[in-house]
Amino acid sequence: EDVLSNLPDHILLTILDRLNVRDAARTCVLSRRWQQLPAMLSQIKLDVLDFLPEGTTACYEREIVRINGAAVEATKSIMSRRDPSRNTIHLLSMKFFLRDNDTISIGHAVGQIMATHKVETAQFAILTEAHYSRRGDDDLVYYGRNFMLFFEACPGAFGGLTRLKLQDLRFGKSDICNVLLTCKQLKHLRMFNCNSGVWTTLQVEHLELGELEIVNCSFRKVVLISLPKLTQMAFHGWIAFQDPLSVGDVPLLETVDLTNVCLSSHKMVKLSEFLGGTSVRNLRLGFESEKVSRHRCFASYGFTSFSTYIITCLFDADLGATRTSDETAGSRVLPANFCAYG
């Protein structure tokens with residue numbers, strides 16, 4: 001027998017845990033003993049894009065149908081063969097396309113595993129075809145409805161998720177609130193190109209959420225009502241006619257990342273008005289595209305080693321220059337953990 005086959009199970013499983021589901025399944029055709037190992041894995045990582053032919057980057061509809069079907073079959077296979085005596089799954093990570101019955105089949109298989117095993121970290125990253133081709137608002141509405149059908153059909157799976165990544169969805173008025181109510185274990189939420197209609201306000205309230213990313217979503221404003229465990233917040237691309245955030249009960253918030261296309265006609269961003277009462281220590285500001293020679297941001301913070309003060313930041317996009325001044329105490333250098341870029 002070969003050297004690998006003589007290794008004990010726990011070492012072989014450590015090797016397989018570093019592979020995705022497809023590569024682990026391929027490896028296990030090496031011998032009869034290896035065939036039993038996928039059912040014992042503590043990390044299950046299934047990425048639909050791993051089923052693309054090697055060297056392929058573009059996804060066309062026919063290819064998406066094929067690889068999503070392969071992901072469904074792989075999910076059913078590995079979940080059905082799962083060893084019930086090995087209850088703990090350290091990582092369950094699933095990336096797949098939102099396609100009618102395919103997603104519901106994956107959701108039911110994951111929900112069954114969550115009902116019979118302890119899953120420490122469970123992640124859904126849900127793709128849509130809009131990511132690979134230009135789609136209009138009607139398509140986002142269609143994907144949004146499909147997602148909610150999936151969500152309503154698989155409460156067991158969503159109830160155990162700790163990480164959720166969504167893209168290209170238009171939700172109904174109360175949909176995001178309902179998702180957060182069901183996903184009680186959620187620690188990380190990322191939304192890309194999602195909205196509830198133009199000019200809407202997103203209100204967020206959750207007991208466990210620690211990281212929130214909102215990227216290129218058409219929200220007028222994000223209201224953080226009560227997030228007692230939130231430590232990191234990123235908001236990229238808001239409708240720039242008012243302050244992007246309203247901050248309520250977020251006692252642990254330390255890192256905020258705000259990025260937007262800022263035109264000279266837009267309202268001045270006054271950071272002190274919505275971050276002044278927080279414990280933010282790391283602030284990143286990015287103003288993109290428009291060549292604004294002088295864009296001013298006012299901030300008021302109480303950093304750990306500083307008393308509360310007002311900073312004026314001048315961003316010169318042409319020169320790449322950043323200057324600060326304390327309105328009450330004269331010029332001073334930005335703290336090291338204050339990152340601004342033009």
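The axes of α5 and helix α7 (residues 175-182) come within 12 Å of each other and cross at roughly 25 degrees, where axes are lines fitted to C-alpha atoms, for helices over the stretch in contact, and angles run from 0 to 180 degrees between N-to-C directions. That angle makes α5 roughly parallel to α7, given that angles under 35 degrees count as roughly parallel, over 145 as roughly antiparallel, 65 to 115 as roughly perpendicular and the rest as oblique. The crossing of α5 and α7 is left-handed; a crossing is left-handed if the near helix is turned anticlockwise from the far one by less than a right angle, and right-handed if clockwise. In this pair, Phe147, Met148 and Phe151 of α5 meet Asp175, Asn178, Val179 and Thr182 of α7, a contact being defined by heavy atoms within 4.5 Å.

The structure is a predicted model, in which local features need pLDDT of at least 70 and side-chain atom pairs count only at pLDDT 80 or more, while totals for chains, interfaces and linings use all residues. Residues are numbered from 1 along each chain as its sequence is written, and side-chain values use heavy atoms, with hydrogens and water left out.

The secondary structure of the protein comprises eight helices and 17 strands; helices (H or I, at least four residues) and strands (E, at least two) are DSSP runs, numbered from the N terminus. Of the 342 residues, 45% count as buried, where buried means under 20% relative accessible area, exposed over 50%, and partly exposed in between (1.4 Å probe, protein chains only). Among contacts with a separation of 6 or more, 58% are accounted for by residues 24 or more positions apart.

On the α3 side, Asn68, Gly69, Val72, Thr75, Lys76 and Met79 meet Asp102, Ser105, Ile106, Ala109, Val110 and Ile113 of α4. Thr75, which lies in helix α3, is buried, with a relative accessible area of 1%. Leaving aside its neighbours within four places in sequence, Thr75 is in contact with Leu46 and Met94 as well as with Ile106 and Ala109.

Helix α4 (residues 100-116) has 17 residues, which at 1.5 Å a residue should span 24 Å; its end C-alpha atoms are 26 Å apart, in agreement with that value. The expected span is 1.5 Å times one less than the number of residues in the helix. The buried residues of α4 are Thr103, Ile106, Gly107, Ala109, Val110, Gly111, Ile113 and Met114. These buried residues pack against α3 (61-80), β2 (88-97), β3 (118-127), α5 (137-153) and α6 (155-159).

Among the strand residues, Asn195 is placed in β5 (residues 188-195) and is buried, with a relative accessible area of 3%. A polar atom of the Asn195 side chain lies 2.9 Å from the backbone nitrogen of Gly197. Beyond its neighbours within four places in sequence, Asn195 is in contact with Leu140, Leu169, Arg170, Phe171, Ser218 and Phe219. Gly172 is found in the loop between β4 (163-170) and α7 and, at 28% relative accessibility, counts as partly exposed. The C-alpha atoms of Gly172 and Ser196 are separated by 5.7 Å, although the two residues are 24 residues apart along the chain.

Arg163 is located in strand β4 and is partly exposed, with a relative accessible area of 24%. Its side chain makes a polar contact with the side chain of Gln123 (3.0 Å); such a contact is a pair of N or O atoms within 3.5 Å, and within protein one must be able to donate a hydrogen and the other to accept it, with residues adjacent in sequence counting only if both atoms are side-chain atoms. Leaving aside neighbours within four places in sequence, the contacts of Arg163 are Thr121, Ala122, Gln123, Phe124, Leu186, His188 and Glu211. The C-alpha atoms of Arg163 and Ala125, 38 residues apart along the chain, are separated by 8.3 Å.

Pro251 lies in the loop between β10 (245-249) and β11 (255-261) and, at 46% relative accessibility, counts as partly exposed. Not counting residues up to four places away in sequence, Pro251 touches Leu227, Pro228 and Ser279.
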